[in-house]
Amino acid sequence: LDKATGLEVYRRSSVKIDERRRKDVELIYSAPLEDAKYLIPAGFELLVDGVLYCTASFDKVEVNVGLPNFLFEAEE
């Protein structure tokens with residue numbers, strides 16, 4: 001997480017492929033779109049075992065605000 005903004009900028013995980021193999025997976029997030037209403041990354045780079053696997057770049061982000069609030073409430 002970026003200390004100044006609180007935004008996630010990087011994520012790393014070790015994914016189990018089978019009993020003897022694992023893959024190191026990294027996501028490097030780009031900054032949000034400058035005019036975005038929500039601070040969602042404008043893209044990412046995906047690396048598998050240190051090798052660039054794919055990239056994505058978004059020029060527009062739409063958030064589905066039609067989801068009901070109860071889906072995000074903690075269960076008691």
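I take strands (E, at least two residues) and helices (H or I, at least four) as DSSP runs, numbered from the N terminus. The model is predicted, so I note the limits: local features need pLDDT of at least 70, side-chain atom pairs count only at pLDDT 80 or more, and totals for chains, interfaces and linings use all residues. Residues are numbered from 1 along each chain as its sequence is written, and side-chain values use heavy atoms, with hydrogens and water left out.

**Entry 1: Ser30**

I looked up Ser30 first. Ser30 sits in the loop that runs between strand S2 (22-29) and strand S3 (43-48). Ser30 has a relative accessible area of 34%, so I wrote down partly exposed.

Next I listed contacts, meaning heavy atoms within 4.5 Å. Leaving out residues up to four places away in sequence, Ser30 touches Pro41, Ala42, Gly43 and Phe44. I also checked polar contacts. These are pairs of N or O atoms within 3.5 Å; within protein, one must be able to donate a hydrogen and the other to accept it, and residues adjacent in sequence count only if both atoms are side-chain atoms. A polar atom of the Ser30 side chain lies 2.8 Å from the backbone nitrogen of Gly43. I checked Ala56 too: Ser30 and Ala56 are 26 residues apart in sequence, and their C-alpha atoms are 9.6 Å apart in space.

**Entry 2: the sheet**

How many strands does the protein have? I found four strands and zero helices. Along the sequence the pattern reads β-β-β-β. I call two strands paired if DSSP finds at least two bridges between them. The four strands make an open sheet in the order S1-S2-S3-S4, with antiparallel pairing. Strand S1 (10-16) and strand S4 (51-57) are the edge strands, and each pairs on one side only. Strands of a sheet pair through backbone hydrogen bonds, either parallel or antiparallel.

I then went pair by pair.

- S1 and S2 are antiparallel, with seven bridges. They form a hairpin with five residues between them. Lys16 stands opposite Arg22 in S2.
- S2 and S3 are antiparallel, with five bridges. Ile28 stands opposite Glu45 in S3.
- S3 and S4 run antiparallel and are joined by six bridges. Glu45 stands opposite Thr55 in S4.

**Entry 3: Asp24**

I found Asp24 in strand S2. Which side chain does the side chain of Asp24 join in a polar contact? I found that of Arg12, at 2.9 Å. Not counting residues up to four places away in sequence, Asp24 touches Arg12, Ser13, Leu47, Val48 and Asp49.

**Entry 4: Leu67**

Leu67 lies in the segment after S4. Its relative accessibility is 40%, so I count Leu67 as partly exposed.

**Entry 5: the whole protein**

I noted that 9% of the 76 residues count as buried. Among contacts between residues at least 6 apart in sequence, 15% join residues at least 24 apart. The C-alpha atoms fill a box of roughly 45 × 40 × 25 Å, taken along the principal axes.

Methods
Buried means under 20% relative accessible area, exposed over 50%, partly exposed in between (1.4 Å probe, protein chains only).
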